[in-house]
Amino acid sequence: MAKRKSVDRQDAYAKITGKAKYVNDLFFPGMLYVQTVRIPVAHARIKKIDGTEALQLNGVVGVFTAQDVPGINQRPKDRPVLAAHETKYAGDGVAIVVAETKEQAILGAKLVRIDFEELPYVMNPEDALKEGAPILHGETNFAASHQAIKGNVEAGFVEADLIIEREYTTQRAMHSAIEPDGAIAIPEANGILLYCPGKGPFNIKRAVASHCGLHENQVRVIQPALGGVFGGKDSDINVIGARVTMAAMLTNRPCKMIWSREEVLEEGTKRHPFKLHYKVGAKRDGKITAMEINGLADVGAYLTKSAATVWRATVEATGPYNIENIFTRIEGAFTNNTVSDAVRGFGSPQVDFASESLMNELAKELGLDPLKIRRINGFTEGSITATGQKLECVNLMACLDKLEETFPVNKKPSDVPVGKVRGRGISCIFRGEAMGAGFKEKDAAAVNFNVEKDGTIVVYSGITEQGQGGSNVVLQIISETMGVNIENIKMSPLDTAYVIDSGATVGSRGTITSGNAALVAANDAKMRIATVLAEMWKVNPEMIIFLDNRVFIEDQTHCLSFKDAVNLCYTVIPGVYGHGWWSLPPVWWDFDSNSGETYASFNYGACGAEVEIDLVSGKVEVTEVVAIHDVGRIINEEEAKAQIAGGVSMALGLALSETIATKNGRLVTTNFDKYLLQTIMDSPNITAIPLEAQPANNPLGVKGVSESSTATVSPAVFNAIENALGIRLRNLPADLESVLAAIETSERLGYLKGGGIHE
Amino acid sequence: MNKIEIRLKVNDKEICMNVDPTMTLLELLRNKLLLTGTKEGCSTGECGACTVLMDGIAVNACLVLVAQVNQSEIITIEALEQDGQLDRLQQSFIENHAVQCGFCTPGMLMSAKALLLKNPNPTEAEIKIGLSGNLCRCTGYGNIVKAVEGAIESKH
Ligand code: FES
Ligand code: FES
């Protein structure tokens with residue numbers, strides 16, 4: 001197939017004119033405002049909650065607690081709608097105040113009197129597993145544990161000429177969508193209508209129904225415009241959805257809750273911090289003989305999807321390398337920190353940071369080029385992973401070739417200003433696609449559409465548009481398959497009353513599942529139309545061509561506009577529509593033997609980063625990033641590049657500036673003045689390269705594009721820092737303090753800092 | 001609390017209202033005038049999602065109190081498209097794939113508008129400074145810079 005043209009996004013117009021309606025832009029008659037009440041300590045036993053004073057405040061309509069939750073408040077180890085007896089982190093909600101105005105709700109929340117007893121808390125997963133640590137759930141703080149074992153790791157180390165051991169840590173970080181989380185619930189005759197921006201509308205519906213004692217058919221979720229997700233708007237939005245729903249049920253009025261930025265940071269879920277210990281053995285020539293990995297993740301106060309995150313990390317922990325002997329065990333422990341949950345990358349950024357830093361450390365010890373060691377050990381077609389899975393459509397070497405061509409890692413930096421040093425680093429990745437065997441449900445999506453009598457196509461898809469351009473992919477596939485201009489195809493708003501449950505838009509599965517489903521649906525509609533015309537035209541249906549808003553046969557003896565063809569069909573058949581389902585091949589995982597088909601496919605990537613470091617301040621400026629990602633086949637090139645660039649930018653925050661900090665069990669980083677996202681001033685020159693090597697094994701040949709770039713950047717940056725300073729940093733992020741501390745320990749750098757001569 | 005009377009022009013419309021003096025311009029725009037195109041991301045002047053033009057200068061509406069806008073002229077994202085005609089910046093944001101989730105977009109566009117009003121031919125560095133108060137979590141900023149460059153007068 002010819003290379004596709006980039007297409008402008010249909011959702012852009014509403015967004016550039018301010019006409020797009022996000023949840024906070026919606027108002028309904030009689031709407032009340034809901035504010036959450038929290039206890040400002042990390043761990044507490046709730047003795048009494050007294051709303052009397054709050055209720056006396058003008059405008060306050062109700063004060064509700066866990067006792068008022070209409071359904072199942074909490075499942076074991078998971079987040080409650082409102083904490084009933086005990087709060088497990090400083091963000092836990094214990095009550096909600098419902099009032100006529102937002103100001104009154106906030107004021108009312110301050111007047112709720114809570115009698116509580118502060119309990120001992122634990123903020124570090126290693127301490128959490130020690131004897132005598134305060135226990136968060138049940139008998140132990142153990143939350144999850146996964147293993148991947150291959151060959152005989154001891155024997156592998158015996159074979160090695162060199163063994164090194166290193167430890168890496170990653171920090172707690174946040175999605176930080178610029179849109180704060182929120183929802184509106186409206187009581188209706190048959191239940192609740194929920195305006196709720198989330199990446200899994202049907203998950204929200206199920207969670208809210210269960211929390212609020214409703215049947216699933218009594219909760220309808222309409223998705224407003226989504227102001228960014230990045231793995232968030234998931235567990236948090238379920239809790240928010242349940243709180244506004246219970247408020248609406250108890251007051252019988254529409255209820256809105258929008259978290260302030262402070263609340264997003266205090267209560268919202270975060271990326272899991274990991275501590276990862278690696279032991280690796282290799283031959284002199286660079287061939288790795290064994291790798292042993294032990295890791296511990298901080299799950300935070302509740303379980304949510306931590307088991308799946310740790311599982312993905314376990315599957316991918318070695319990095320994309322052919323190793324005969326592997327032992328990986330990664331565990332997760334509860335602490336009184338904010339809840340850890342999905343964030344763009346879902347466990348991959350943590351292990352990729354460690355394994356790719358390790359590869360450079362190993363290369364250095366062996367006196368090898370960092371690219372060479374990756375080529376020696378890297379996955380090729382048919383390689384076997386740590387979990388015993390045989391790989392297909394492996395494009396790692398193609399990514400490394402492209403990296404070598406676009407980012408010569410050994411290029412000597414020129415024009416380095418006095419007092420600064422520069423360095424270059426690389427990394428690579430393999431990453432499981434879509435949900436994988438860590439989740440039980442079938443990984444499938446549906447796309448349906450109606451063809452209207454004016455020739456427009458109205459599409460319904462369960463995959464959410466959260467900024468990634470996923471809707472446009474569906475429109476594009478229908479457009480090219482049906483030969484109809486994309487302007488004549490419209491995506492309907494996502495409403496669970498009409499669309500089919502297609503799972504959550506996570507794991508970079510949107511394009512793979514809904515893109516292929518759109519293809520099936522378009523072919524279905526085409527066949528329906530072609531059958532009618534073939535009969536009239538007395539030709540074979542296969543002879544009918546759909547192109548440029550026309551339907552015709554090659555010699556043009558029969559030709560109709562698409563619209564006329566559709567109208568003709570309506571005189572013969574009851575409807576003109578396309579239905580399409582597509583699901584990924586099944587995957588499985590056996591927890592006893594620790595093996596299985598983990599993901600139906602993997603994508604590959606490679607990254608290069610150049611840094612310039614100010615020796616006086618310790619500031620690391622990233623001057624260039626090249627990010628190459630195997631996307632199978634490109635649907636919309638500029639948008640694919642934009643996804644990669646966005647992932648890079650988010651990852652630069654992870655590498656350099658973003659850390660959720662706490663003191664005495666409470667959050668210190670409560671807004672964007674302390675939690676530092678990358679700004680336009682920090683943004684380097686990013687070259688995003690979506691690579692078309694071997695296509696993936698699905699009809700469109702596509703792979704996911706949104707997450708791998710979030711993983712490869714931090715190791716490339718840290719390898720570049722090492723290249724510049726000659727000092728290895730192993731703890732994310734490389735903020736001013738840690739870089740400066742490293743510089744201060746180095747005599748050579750002290751000399752350079754004073755304006756010495758460059759090497 | 002005693003209300004104060006304010007007079008101002010919003011998107012070319014004269015407005016006279018009695019308002020609570022602690023109200024912010026952002027609350028006035030979003031909650032009273034229902035101009036919800038201007039977004040709220042942090043309420044503390046850190047994200048730029050609430051950027052509007054006040055007498056031709058970009059301000060964070062969440063930091064401006066209504067008393068301060070008395071007698072001034074405010075332009076919001078809703079007025080960028082005139083008579084069904086997109087502003088060059090808006091068109092350029094579409095063409096350069098500078099919009100993803102769109103939540104930062106109104107603020108970005110207003111900061112860019114303020115910049116071009118003051119400096120019709122900014123360099124890349126000047127564009128970056130002009131947009132330095134606007135956070136975007138989606139794009140990595142590259143396409144936004146390109147979009148502003150694409151809207152520069154001399155390039156047309
Ligand atoms: S909402 Fe005003 S700067 Fe963030
Ligand atoms: S486009 Fe989403 S924050 Fe900028």
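Trainee: What makes the pattern of chain B β-β-α-β-β-β-α-α-α-α?
Mentor: That pattern is the order of elements read along the sequence of chain B. Helices (H or I, at least four residues) and strands (E, at least two) are DSSP runs, numbered from the N terminus. Chain B comes to five helices and five strands.

Trainee: Why is chain B called as compact as a globular protein of its length?
Mentor: Its radius of gyration, taken over C-alpha atoms, is set against the globule rule, 2.2 Å times the number of residues to the power 0.38. For 156 residues the rule gives 15 Å and chain B has 16 Å, which is close, so the label holds.

Mentor: Keep in mind that this is a predicted model: local features need pLDDT of at least 70, side-chain atom pairs count only at pLDDT 80 or more, and totals for chains, interfaces and linings use all residues. Residues are numbered from 1 along each chain as written, chains are lettered from A and ligands numbered from 1 in written order, and side-chain values use heavy atoms, without hydrogens and water.

Trainee: How many of the 156 residues of chain B count as buried?
Mentor: 54% of them, with buried meaning under 20% relative accessible area (1.4 Å probe, protein chains only).

Trainee: What makes strand 4 (86-87) and strand 6 (113-118) of chain A edge strands?
Mentor: Each pairs on one side only, in an open antiparallel sheet of three strands ordered 4-2-6. Pairing takes at least two DSSP bridges, and two bridges join strand 2 (residues 44-50) of chain A to strand 4 of chain A. A:Arg45, for instance, has A:Glu86 in strand 4 as its bridge partner.

How values were computed. Buried means under 20% relative accessible area, exposed over 50%, partly exposed in between (1.4 Å probe, protein chains only).
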